[in-house]
Amino acid sequence: VTMSRRSLLTGLGVTAGATLTGIPPAAADAHRGHGEHRPLPRPPAGSSPAALARDERFWRRVAAQWRVTREVVNLENGYYGVMPEPVRRAYVANVDELNYRNTLYLRTEYGPNEEDIRAQVARAAGAATEEVALTRGATEALQNLIGGYNKIGPGDVALYADIDYPSMQFAMDWVGARRGAQVVKIETPDHPTRENVLDTYRRALAANPTTKLLLLTHLTHRTGFVPPVREIVAMARERGVDTVVDVAHSWAHLDFDVQDLGADFVGFNLHKWLCVPLGVGFLYIRRGRLADIDPDYATPGDPDDIRTRVHTGTTNIANVMTVPAAIAFHNQIGAANKAARLTYLRNYWVARARELPRIEIMTPDDNAAHGAMTSFRVRGADNAKIPALLKDRYRVWTVYPGGGPRGDCIRVTPTLYNSTDDLDVLVAALRRL
Ligand SMILES: Cc1ncc(COP(=O)(O)O)c(C=O)c1O
């Protein structure tokens, strides 16, 4: 790691006389090996999340749990959450076990094991087991909640906003086409704050009094903005409007559970911030609301069993078997400690970038309105070209989320394997842009 850090600094021209070429990716990637390493540290007793967030020694030991390439400083951890070593090892062992014991395991022990995993997931989310059904991700969870919602029809309105995830916007459009409801899309302010966004939803609900279903996104994917979801859900409920909340990007990232949202329908994934192998999520339907979501494709079975609301078929079971290892890893760090560290990392680079005259930060600084993810724009530049420039010239990996409102920006998402050193590399690159 030390060697690749040096190479990254070299790549930035920080070392006297160095060129901008850095070293070949293969050499930067030299620690790809999967040797033994030290166990995940326990947070020191009595340390507050805010104080621990600044403890670089502690977080260096946490970061060492990940074996990831240092070809780049990877600040694009919004796509999905790569597994730390204990989870990766559990996954490899589960793939091996499944291949070894195959249908004998699947037809005997897997059923009870899956039930135990579902219970662990429900507990981690603050839900009852019977309120949770596993899915392959947030898309499947949310499509089944939105598409299955049966209390909407002609004369009703399905409401969503420009900041929602495109696939979920499509699902809401589908509701209009198939159920004969009117679909209304809200425009959110260019410079969002919790207050002006709450006001936008208030006005939209008042302007559309026949709204039945509202889609909300807890942490938006282009800028990382976090709207005041709990307040909007409560406001909608007062008007008899049901809410589906998309927490694909927020769960195990921000410190909350399903009770904090107050919503009756929520779609989760486990492969972003919980770092479960790709392809696991779940849907939540509050007790007493099951009848308002249709069984998936008229799946037969007990209609009082939430598992009839998703029918995935045969899928990757090894990733589901790995969920307990990821929950244990997450719990040992602690949700509040993780959220505080992620916020700290975000604030570290944003405070420095705000001093640069051409950089516009798209995400408000109010700590309640963001997590790790934040986007910036370079004024007067072709922003679509900037991620490639950052990668090729400075070996900093980001993404241009593109499209939609405020899509002309670059998204930066550090995670627990990143350090403030990584963010110094980013800031140095931004200074030179
Ligand atoms: C806000 C939001 N919702 C939903 C999804 C889809 O999640 P999944 O990949 O679990 O289907 C994403 C994925 O990036 C997202 O950012």
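In which strand is Thr-374 found? Thr-374 is in strand β10, residues 374–378; strands here are DSSP runs of E with at least two residues, helices are DSSP runs of H or I with at least four, and both are numbered from the N terminus.

Before I go on, the basis. This is a predicted model, where local features need pLDDT of at least 70 and side-chain atom pairs count only at pLDDT 80 or more, while totals for chains, interfaces and linings use all residues. Residues are numbered from 1 along each chain as its sequence is written, and side-chain values use heavy atoms, with hydrogens and water left out.

On confidence: pLDDT is the predictor's confidence in each residue, from 0 to 100. The chain has a mean pLDDT of 92, with 91% of its residues at 70 or more. Over residues 1–27 the pLDDT is below 50, and this stretch has 39 contacts in the model beyond near neighbours in sequence. Contact means heavy atoms within 4.5 Å.

Back to Thr-374. Its relative accessible area is 0%, so Thr-374 is buried. Buried is under 20% relative accessible area, exposed is over 50%, and partly exposed is in between, with a 1.4 Å probe and protein chains only. The side chain of Thr-374 makes a polar contact with the side chain of Arg-346 at 2.7 Å. A polar contact is a pair of N or O atoms within 3.5 Å; within protein, one must be able to donate a hydrogen and the other to accept it, and residues adjacent in sequence count only if both atoms are side-chain atoms. Leaving aside neighbours within four places in sequence, the contacts of Thr-374 include Thr-223, Trp-349, Val-350 and Ile-361.

Val-350 is buried because its relative accessible area is 1%. Not counting residues up to four places away, Val-350 touches Ile-361, Asp-365 and Thr-374.

Helix α14 covers residues 335–353 and also holds Thr-343. Is Thr-343 buried or exposed? At 15% relative accessibility, Thr-343 counts as buried. Its side chain reaches the backbone oxygen of Ala-339 at 2.9 Å. Beyond four places in sequence, Thr-343 touches Asn-367, His-370 and Gly-371.

Next, Glu-56, in helix α4, residues 56–63. Glu-56 and Arg-341 are 285 residues apart in sequence, with 9.9 Å between their C-alpha atoms. The two side chains make a polar contact at 2.9 Å. With neighbours within four places set aside, Glu-56 is in contact with Arg-341, Tyr-344, Ser-419 and Thr-420.

Last, the ligand. Among the residues around the ligand are Gly-137, Ala-138, Tyr-165, His-221, Asp-246, Asn-269 and Lys-272; the cut-off is a residue heavy atom within 4 Å. By class, this shell has three nonpolar, seven polar and two charged residues. Ala, Val, Leu, Ile, Met, Phe, Trp, Tyr, Cys and Pro count as nonpolar, Asp, Glu, Lys and Arg as charged, and the others, Gly among them, as polar.

For the side chain of Tyr-165, the distance from a ligand oxygen to an N or O atom is 3.5 Å. For the side chain of Asn-269, it is 2.9 Å. The protein covers 87% of the 400 Å² of accessible area that the ligand has on its own, by the Shrake-Rupley method with a 1.4 Å probe.
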